[in-house]
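User: I would like to go through the labels used for this model one by one, and to hear on what grounds each of them is given.

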Amino acid sequence: SPELNTPTTPTSPPPPPPPPGSAFPYCACRRNMPQPFKLTFNGATPLASDAAYSRLSFTLTVEDEVNAYPLNKIEFDLRPEARGVVSNLYYGTVRKGPSYQTYPGQGLVFKITQIKGAVPVGPAGVDISFTVPSAYSTLQTLFASLQYSPFTSDQKGCPLGLIVDATAS
């Protein structure tokens, strides 16, 4: 039987897959864009008023000014048992309400939403902090992976990044 000769049209290659073992951020956003930000974990401090809780501190900085963009939100890959543990969330000096979304069969996402702005260029960046029960005060006990995703203002772009642990030796 003769083979059918069908013309082919060039197509752009598909975006790269998410890292092995994870489909985070669990949505159809564009992951294959440059990651212009760096998120650094600065440590956890037990609260003086209640040692059963700790304050986690992060700094988000611009590493690539050319590809930096205004943010809409930042998503984190959270352990399922950590749902609801975040309180007193601050993005810079603005208090935010933590947001969670479960993706059945995939994972739990913790979100800092309604950022609506650019990250200041320079080493100071923007501080992000929140309180958790001390049992969740390490990156490994709070997050399912060290991945985070800063979403573009139109929510279509979501490059993956890895949290840098400044407390690690």
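Analyst: Two strands pair if DSSP finds at least two bridges between them, and strands themselves are DSSP runs (E, at least two residues), numbered from the N terminus. This is a predicted model, in which local features need pLDDT of at least 70 and side-chain atom pairs count only at pLDDT 80 or more, whereas totals for chains, interfaces and linings use all residues. Residues are numbered from 1 along each chain as its sequence is written, and side-chain values use heavy atoms, with hydrogens and water left out.

User: What makes strand 3 and strand 9 a pair?

Analyst: Strand 3 (residues 71-78) and strand 9 run antiparallel and are joined by 6 bridges, against the at least two that pairing requires; in one of the bridges, Leu71 has Thr152 of strand 9 as its partner.

User: Why is strand 9 called largely enclosed?

Analyst: Buried means under 20% relative accessible area, exposed over 50%, and partly exposed in between (1.4 Å probe, protein chains only). Because 8 of the 10 residues of strand 9 (residues 143-152) are buried, the strand is largely enclosed by the rest of the structure.

User: How do you know that Cys29 and Cys158 form a disulfide?

Analyst: The sulfur atoms of Cys29 and Cys158 are 1.6 Å apart, and a disulfide is a pair of cysteine sulfur atoms within 2.5 Å, so the pair meets the definition. The torsion about their S-S bond is about 80°, so the disulfide is right-handed. Cys27, by contrast, is in no disulfide, as the nearest cysteine sulfur, that of Cys29, is 3.3 Å away.

Definitions and conventions: Helix = DSSP H or I, 4+ residues; strand = E, 2+ residues; numbered from the N terminus.
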